[in-house]
Amino acid sequence: MNKLLLLAPMVAILPAFASAGEEEAPVTVMDEVVVTATKTEETRKEIVNSVVIKDSSALEETPASSLGEALANESGLDWRTYGNYGGAAEAIKIRGMSADATLVAVDGVVINSPSLGMADVGQIPLNSIERVEVVKGPGSLLYGTGAMGGTVNIITKAPKRDGFAAKVEAGYGTEESYRLSAENGGFIIGDLGYYLTLNRKETDGFRDNSDLRHNDATLKLLLDKGKQFQANLDAGLVDREYGLPGPQPPAGTVPYSINGVTFYNSDSATLLDRGEDDNQRAALTLKGEATDWLDWRVKGDYVDLTGSNYSRYSYNGTSTETEVTNTVSGLEGNLNLHPFAGINLLLGNEYRNYDYENIQQALDSSGDPVSGGGVDEEHRVFTNGTFAELGYQAIDMVKLVGGYRYETHSLFGHEDVVRYGAVFTPWEKTALKFNRGQHFKAPTMNDLFWPDDLFTKGNPDLKPETGWHTDITLEQEGLLQDKLFVSVSWFDWDIDDKINWAEDPSQPTIWGNYWTPFNVDTYQAQGWEFNLKLGPFSSIQADFSLTLLDAEEQLNRGATRDALNTPETLFKCQLSHLSDFGLISTVTARYTGSRPGYYAANTDSQPEIELDAYWTIDLKLEQTFAEHWKVGLQALNLLDEEYDTYLLGFTDQTTFAYTQQPYPGAGRSLFASVSYTW
């Protein structure tokens, strides 16, 4: 599809909104406050980054059942899952980088898995979120490893002083899906308040062995003494169990069984594989204003992530049960100095300790433990980062930003990170931003320490991935009586020493050669992001996002080629309408362009299989009545579009034919709900 055609809906709708604008009151968009970009409160116009912001109202209105769906195809953001089945991990990719280059935090606590590098945003309950800030561009200066493409910070709901909040909701939908949720919060004794959310959901999934059972809870305790002192205790837990269906085998595949146990059929490549997650997090944050020119903040946090995986191999029925536990504890302190008008200096230090345990148990063809077939390895690493960032308002129209981080890692030494940028505001409602900085990502715990299983093993001699990230952003508001906000960004990034798992001919094993990670590849990309917000006009709000991306992977042992599983074009259009009788209607259309799905060899520059482009359209209707009641209807993939997300190899044990098979996206689903708010 011609990329210019995707701009047509924006151009076509402008006259209609312009003619309606004369009767509407002004609405400002640009003065939104952002805390993630600088770890201090600054307006959107003052920061050098391009950002995406979603508050609780926007999240509630959007037709999405998860945070990943709500952020999907926003400018620069690509939401990826392995087929959208019940327990599929939901990853956010920013500007074409891999999912492990996006740092995700909840109330400032990093929830990326140290063993995998990525964060599963599908585990975060939507009803616990007050606000989401996605800061695009280099984030390693303030957040350390992993914040290469950008940072997603989820800020959970806090109690309000204007009274207690309480809500219960129940819903049921296709695929035998149901959800129960409750939330309650307020101030109970003087300045002490709380906010609690509880959720339970289940689904059979749209394929065999794609079910999910999920429970979560979040709690925030707040002692609020105003600007002088605040104490926050944030905690959350997730407990879930799910099937792992794998890719969809070729049509007509005959179900395959061993000793009466069916391993796969034509719907799912694995009928026995299961996964479990048991995750907890807690953080205590103390902050205050010591003087008019000095703010301080201290945060201690603890995260325990335990993931279990049970898999059976269809070629002989044997299996492996794996449990990986990552325990992370951290301590961070910040000082924010602003002694003179136009000068702001942020100083900080962050220490993090990572404990990693990998327990593997070999099982025989009947699924019973093999004597002597167990592995239990424990490892520890720690990091310490010291950083400083200075903001200087040289003149009224120019703000300069520069910073430095010194990061120490217990295994690979230290990393120097710099960032600098500028914001030019030649007119009150115009901002031109320049941002350039270094980024890095340490090897994951699996990369370093995966146990030797005679087929794969980690590599403790790896180096961190490093590179530079540059972007230029123009933001303009004030058009159409302050009801049109436009932003355009150009970005360019590169990554050296990209870590890639590959077969090593120098390390033979009884199964062939070891697969192990190496620092061998280079990645780079350039692209454009366009964002446009219109309204409200006659109770209609419209949002448009477009991303044009050119990402390449340069393999040290092969060719330069388009990056795997990375679309060149992403588009999103969302229209919302609020009627006079309390009905909120929201329609979201998303376009994901074609992308390479499989290269047969590292020396190939053209993909053997390309995943097709696709559209999805989602709808949400919510009607409020009797003041407290609300009923809703949500339809995802309304047109029942067939599309694939990833490919994986599948071997038919009857014919021994090996093919690349897709993870199919979910078809049309409907979900109805009813809620009561006090």
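Analyst: Here is a walk from the nonpolar patch to the ring pairs and then to the charged patch.

This is a predicted model: local features need pLDDT of at least 70, side-chain atom pairs count only at pLDDT 80 or more, and totals for chains, interfaces and linings use all residues. Residues are numbered from 1 along each chain as its sequence is written, and side-chain values use heavy atoms, leaving out hydrogens and water.

Tyr-313, Tyr-315, Leu-454, Phe-455, Ile-510, Trp-511 and Trp-515 make up a nonpolar surface patch. Together they have about 780 Å² of accessible area (Shrake-Rupley method, 1.4 Å probe; for residues, only the protein chains shown count as cover).

Leu-454 sits in the loop between helix H5 (445–449) and strand E25 (465–479). Helices (H or I, at least four residues) and strands (E, at least two) are DSSP runs, numbered from the N terminus. Leu-454 is partly exposed at 41% relative accessible area (buried is under 20%, exposed over 50%, partly exposed in between; 1.4 Å probe, protein chains only).

Now the rings. There are 16 aromatic pairs (Phe, Tyr or Trp rings, the six-membered one for Trp, with centres within 6.5 Å; planes under 30 degrees apart are stacked, over 60 edge-to-face, the rest tilted). Tyr-313 and Tyr-315 are stacked, because their centres lie 6.1 Å apart and their planes meet at 15 degrees.

Last, the charges. Glu-276, Asp-278, Glu-321 and Glu-323 form a negative surface patch (Asp and Glu count as negative, Lys and Arg as positive; His and the chain ends are not counted). Each charge is placed at CG of Asp, CD of Glu, NZ of Lys or CZ of Arg. Strands E17 (274–291) and E19 (319–337) each supply at least two of the patch residues.

Methods. Patches are made of residues with over 30% relative accessible area and no salt bridge: like charges are joined within 9 Å, nonpolar side chains (Val, Leu, Ile, Met, Phe, Trp, Tyr) within 5 Å. A salt bridge is a side-chain nitrogen of Lys or Arg within 4 Å of a carboxyl oxygen of Asp or Glu.
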